Amino acid sequence: PRQEQVYSNDGQDPLGQVAPFPAEENRYLLAVVVWGDPYLDTLEELTLPSLLAEGNLPYLHGAGAIRLVLFTNAAGATRLEAMPVLLAIRRIVTVDIVTFPTELSVRPEIYKLMSAMHLASLELARASQSHFTFVPPDVVFSDYFLQTLEERRRHGAEVVFVPGLIMQMETF
């Protein structure tokens, strides 16, 4: 079976929920797969604010068209829409919230779901000819992170691998 059957929403391809990209020379896609209160809390309190830091989304805003795509379930979509930080991001970036059936966001389906959403993100990047990065929902981006990636891309880098850190949230 084709992979999109795993993440279909009432038989519809979730990427149909994403508006077409503008015809700008440089297109950037940032994709987040997120659901559940602990991850949504971290996304709201740490990850999204860090994307607004100097040298991140504000820098890319002048470099081309940016799309932030958030893959989530219905409850996550409701929470995301209510986040003031997402409103601030929408002032400089196009945001799409792509929903998937809530029943897929529980065990044992979660790993298939995450894989399918990551694949959907890559397919969207390829189809829109966008420069692309995953945004884990529980990561803090340093100032100038996206600017550094963009400068490396302009100098010929095609792939930049950035290792993540694993930490205990309760001790953080």
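A: Buried means under 20% relative accessible area, exposed means over 50%, and partly exposed lies in between, with a 1.4 Å probe and protein chains only. This is a predicted model, in which local features need pLDDT of at least 70, side-chain atom pairs count only at pLDDT 80 or more, and totals for chains, interfaces and linings use all residues. Residues are numbered from 1 along each chain as its sequence is written, and side-chain values use heavy atoms, with hydrogens and water left out.

Q: Why is Phe 141 called buried?
A: The relative accessible area of Phe 141 is 10%. The limit for the term is under 20%, so Phe 141 is buried. Phe 145, at 16% relative accessibility, also counts as buried.

Q: What makes Phe 132 and Phe 134 an edge-to-face pair?
A: A pair of aromatic rings is described by the distance of the centres and the angle of the planes. Rings of Phe, Tyr and Trp (its six-membered ring) pair if their centres lie within 6.5 Å; planes under 30 degrees apart count as stacked, over 60 as edge-to-face and the rest as tilted. The structure holds two aromatic pairs. In the pair of Phe 132 and Phe 134 the centres are 4.7 Å apart and the planes stand at 80°, so the pair is edge-to-face. Phe 141 and Phe 145 form the tilted pair, with 5.0 Å centre to centre and 40° between the planes.

Q: Which term of accessibility applies to Phe 132 and to Phe 134?
A: Phe 132 has a relative accessible area of 25% and is partly exposed. Phe 134, with 32%, is partly exposed.

Q: What makes the contact of Asp 37 with Arg 79 a salt bridge?
A: A salt bridge is a side-chain nitrogen of Lys or Arg within 4 Å of a carboxyl oxygen of Asp or Glu. The closest N and O atoms of Asp 37 and Arg 79 are 3.0 Å apart, and the two residues form a salt bridge. This pair links distant parts of the chain, since Asp 37 lies in helix 1 (residues 37–51) and Arg 79 in helix 3 (residues 74–81), 42 residues apart. Helices (H or I, at least four residues) and strands (E, at least two) are DSSP runs, numbered from the N terminus. Asp 37, Asp 41, Glu 44 and Arg 79 are linked in a network of salt bridges.

Q: Why are Asp 37 and Arg 79 not called buried?
A: Asp 37 has a relative accessible area of 49% and is therefore partly exposed. Arg 79, at 23%, counts as partly exposed.

Q: How many salt bridges does the rule give?
A: The count comes to seven. One of them joins Arg 90 to Glu 81, with the closest N and O atoms 2.9 Å apart. Another joins the side chains of Arg 154 and Glu 150 at 3.9 Å, N to O. Arg 154 and Glu 150 both lie in helix 6 (residues 145–154), four residues apart, about one turn of the helix. Arg 154 is partly exposed at 45%, whereas Glu 150, at 4%, counts as buried.

Q: How do you know that strand 1 pairs with strand 2 and with strand 4?
A: Two strands pair if DSSP finds at least two bridges between them. Seven bridges join strand 1 to strand 2 (residues 65–72), and these strands run parallel; Val 32 stands opposite Leu 70 in strand 2. Strand 1 and strand 4 (residues 131–134) pair over four bridges, in the parallel sense. The bridge partner of Ala 31 in strand 4 is Phe 134.

Q: Why is strand 1 described as mostly covered?
A: Strand 1 (residues 27–33) has seven of its seven residues buried. Arg 27, Leu 29, Ala 31 and Val 33 point one way, Tyr 28, Leu 30 and Val 32 the other way, and all are buried.

Q: What span is expected of helix 5?
A: The expected span is 1.5 Å times one less than the number of residues. Helix 5 (residues 110–128) has 19 residues and reaches 27 Å from its first C-alpha to its last, close to the 27 Å expected. The buried residues of helix 5 pack against strand 1, strand 2 and strand 4, where contact means heavy atoms within 4.5 Å.
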